[in-house]
Amino acid sequence: VRGVRRGQVSDIEVLTRIADGLEMPDEARVLLGLAPADTRVTAIRGVRPTTTPEPVAVTGAAGGFGPNSAQTRLAICGSRAGTTNNRMIDAAVPVLARLVFTHRYPVSHGPVGVGIEVMTYIADHYRPPDFTVAVGLFGRRNVVRDAHYVLVIGGGAGTQDEVDLALSMSKKVVALPASGGTARRFHDRAKRDTRLRAWLTDDRFALLDRCTDAGQFTDDSGDALDSLAEEFTKIVEDLITDNQGVSSA
């Protein structure tokens, strides 16, 4: 505000960190041009929609595929950065999309990154009639806040912030180490520090550790990356099934 750091205070991520750190109410967030944390913008501004919108399935804040959505919410965090294995991410997106679509998991994700890639894949390939809108959440805290499981695929500095926030909230963080970036760094940290994976048995973490290198996997087509992505997704599915209904909040 004093102009000492000219240009910095207008950056959306800086404003978001300020709003999150001060726990600003939604009215103040909107005045700063940020998305509200808990309330619709129209409700804050006192504006009523002129028409009643058709029911749609959304991801992000509302999440889900209609009234039968599972209770377990996933946050899919990550992006394509300089240190990520983008071919591994390419292989992971379709199998994660199948997992989400099959189980109708509500998903939280940011406006860009692997999460929105997964939801776009669902829209393009499965074309569910009740899935028409994907809402990316602004504010990294908002992405992980309501999730039971935080899946980390690749990622750079922003994804690291989401992981740190998730750990501070005692969320269950599961990373695909072969995707590189933040996912690999978190997995290596968890390998050394068992506190980061206290909710996992050693056997389950050993299975995740196998997903570090695609060389030991293969499928009928000989594509090791596809096979590794399938293995990782099966581990995630088994973890969720075994812990169904157990909240980490």
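This is a predicted model: local features need pLDDT of at least 70, side-chain atom pairs count only at pLDDT 80 or more; totals for chains, interfaces and linings use all residues.

User: What holds strands together in general?

Analyst: Strands of a sheet pair through backbone hydrogen bonds, either parallel or antiparallel. Here, look at β5 and β6 residue by residue. V152 has A175 of β6 as its bridge partner. I153 is bridged to L176 in β6.

User: Which strand does β2 run parallel to, and how many bridges join them?

Analyst: β2 runs parallel to β5, joined by 4 bridges. One place to look is L74, whose bridge partner in β5 is Y149.

User: What is the order of the strands in the open sheet?

Analyst: Read across the 4 strands: β3-β2-β5-β6, with parallel pairing. Now check the edges. β3 (107-108) and β6 (172-176) each have a single partner strand, so one side of each lacks a neighbour in the sheet.

User: How do I read burial along a strand? Are the residues of β5 buried or exposed?

Analyst: Count the residues under 20% relative accessible area; those are the buried ones. In β5, 5 of the 5 residues are buried, so the strand is largely enclosed by the rest of the structure. Then check which way the residues point. Y149, L151 and I153 point one way from β5. V150 and V152 point the other way. Both sets are buried.

User: Which strands does helix α7 lie across?

Analyst: Helix α7 (residues 157-168) lies across β2 (74-77), β5 and β6. Its direction is at about 155° to β5. Helix α8 (residues 181-192) also packs on the sheet, where it touches β5 and β6. The direction of α8 makes about 115° with that of β6.

User: What handedness does the β-α-β unit of β5, α7 and β6 have?

Analyst: Follow the chain from strand to helix to strand. β5, α7 and β6 form a right-handed unit.

User: Now two helices. At what angle do α8 and helix α9 pack?

Analyst: Compare their directions, then their spacing. α8 and α9 (residues 202-209) pack at about 145°, and their axes are 11 Å apart. Their crossing is left-handed.

User: Which residues make that contact?

Analyst: From α8 come H187, A190 and K191. From α9 come F205, L208 and D209. Sorted by class, the contact of α8 with α9 has 3 nonpolar, 1 polar and 2 charged residues.

How values were computed
Residues are numbered from 1 along each chain as its sequence is written. Side-chain values use heavy atoms; hydrogens and water are left out. Two strands pair if DSSP finds at least two bridges between them. Contact means heavy atoms within 4.5 Å. Axes are lines fitted to C-alpha atoms, for helices over the stretch in contact, and angles run from 0 to 180 degrees between N-to-C directions. Buried means under 20% relative accessible area, exposed over 50%, partly exposed in between (1.4 Å probe, protein chains only). A crossover is right-handed if, with the strands pointing away from the viewer, the path from the first strand over the helix to the second runs clockwise. A crossing is left-handed if the near helix is turned anticlockwise from the far one by less than a right angle, and right-handed if clockwise. Ala, Val, Leu, Ile, Met, Phe, Trp, Tyr, Cys and Pro count as nonpolar, Asp, Glu, Lys and Arg as charged, and the others, Gly among them, as polar.
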